[in-house]
Amino acid sequence: MIEKTLAKRYALGLLNMAKEKNAIEAVKQELDAVAKLYAGMKDFRSVLAHPRVPLAEKQKMFTQTLSGKIAPYTMEFLLFLLRKRRVNLLVEISEQFNNLADAVQNIVRVKVTSAFQLTEQEVTVLKERLTSITAKNIVISAFTDSSIIGGLTVRIGDDVVDASIAGGLKQMREQLLDRL
């Protein structure tokens with residue numbers, strides 16, 4: 001829990017800087033890329049976490065690896081994390097930054113699960129309906145799961161609308177059991 005709180009603070013600081021630079025989307029992409037790189041390289045993480053590796057060496061590794069690939073202000077943020085010994089929070093900071101950036105940009109990410117693949121037209125119609133309901137910019141991630149039999153489930157944040165056949169059958173079962 002402490003890590004999540006710290007990550008959110010760092011993400012908020014980075015978001016404020018990104019707003020000043022008018023570079024929220026660029027920072028989001030760079031931070032995501034670096035976080036994926038960091039998460040995927042166990043040896044790199046081990047070296048960065050090792051107390052006997054001098055800070056200057058760690059900074060040199062970051063600079064050599066990422067120089068010219070990310071903006072100077074993103075690099076400065078990463079070097080700041082190294083100095084504060086918080087680079088281990090990089091993946092969580094990236095997630096928190098994305099959430100905060102979405103809120104600033106009025107974006108809501110929606111996960112839609114259907115029994116069959118949705119057509120582009122169906123996704124467009126769903127997006128338009130959700131936009132009119134939420135008054136936000138909707139980004140849909142569509143998934144398929146044949147176990148829901150038909151219909152779909154829509155997850156917006158922590159809220160789930162289950163309009164699937166499997167969900168309806170489950171609800172009917174629970175109602176029948178309650179009557180017995």
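How many nonpolar, polar and charged residues does the lining of the largest pocket have? In this predicted model, the lining of the largest pocket has, by class, four nonpolar, three polar and six charged residues. The pocket itself has a volume of about 380 Å³, and its lining is made up of 13 residues, among which Asn 99, Asp 102, Arg 109, Lys 111 and Gly 157 are those lying nearest the centre. Three elements, namely helix α6 (90-104) and the strands β1 (107-114) and β3 (151-156), each supply at least two residues of this lining, and the most is given by β1, which provides five residues.

The second largest pocket has a volume of about 330 Å³ and is lined by 16 residues, of which Leu 48, Ala 49, Lys 58, Leu 82 and Arg 85 lie nearest its centre. In terms of class, its lining divides into nine nonpolar, two polar and five charged residues. At least two lining residues come from each of the helices α3 (42-49), α4 and α5 (72-83), with α3 giving the most to the lining of this second largest pocket, at three residues.

One of the residues nearest the centre of the second largest pocket, Lys 58, is found in helix α4, which spans residues 55-66. Lys 58 is buried and yet has no salt bridge; the nearest side chain of opposite charge belongs to Glu 57 and is 11 Å away, whereas a salt bridge is counted only within 4 Å. When residues up to four places away in sequence are not counted, the residues that Lys 58 touches are Val 47, Leu 48, Ala 49, His 50, Val 53 and Leu 82. Among these contacts of Lys 58 are Leu 48, Ala 49 and Leu 82, which are themselves listed with Lys 58 among the residues nearest the centre of the second largest pocket.

For the pair formed by Gln 59 and Leu 79, which are 20 residues apart along the chain, the C-alpha atoms are separated by 6.3 Å.

Notes: Residues are numbered from 1 along each chain as its sequence is written. This is a predicted model: local features need pLDDT of at least 70, side-chain atom pairs count only at pLDDT 80 or more; totals for chains, interfaces and linings use all residues. Side-chain values use heavy atoms; hydrogens and water are left out. Helices (H or I, at least four residues) and strands (E, at least two) are DSSP runs, numbered from the N terminus. Buried means under 20% relative accessible area, exposed over 50%, partly exposed in between (1.4 Å probe, protein chains only). Lys and Arg count as positive and Asp and Glu as negative; His and the chain ends are not counted. Contact means heavy atoms within 4.5 Å. On a 1 Å grid over the protein atoms alone, a cavity is a set of points where a 1.4 Å probe fits but cannot get out, and a pocket is an open set with protein on both sides within 12 Å along at least five of seven lines; lining residues have an atom within 4 Å of a point. Grid points are joined across faces, edges and corners, and a volume is the space filled by probe spheres set on the points. Ala, Val, Leu, Ile, Met, Phe, Trp, Tyr, Cys and Pro count as nonpolar, Asp, Glu, Lys and Arg as charged, and the others, Gly among them, as polar.
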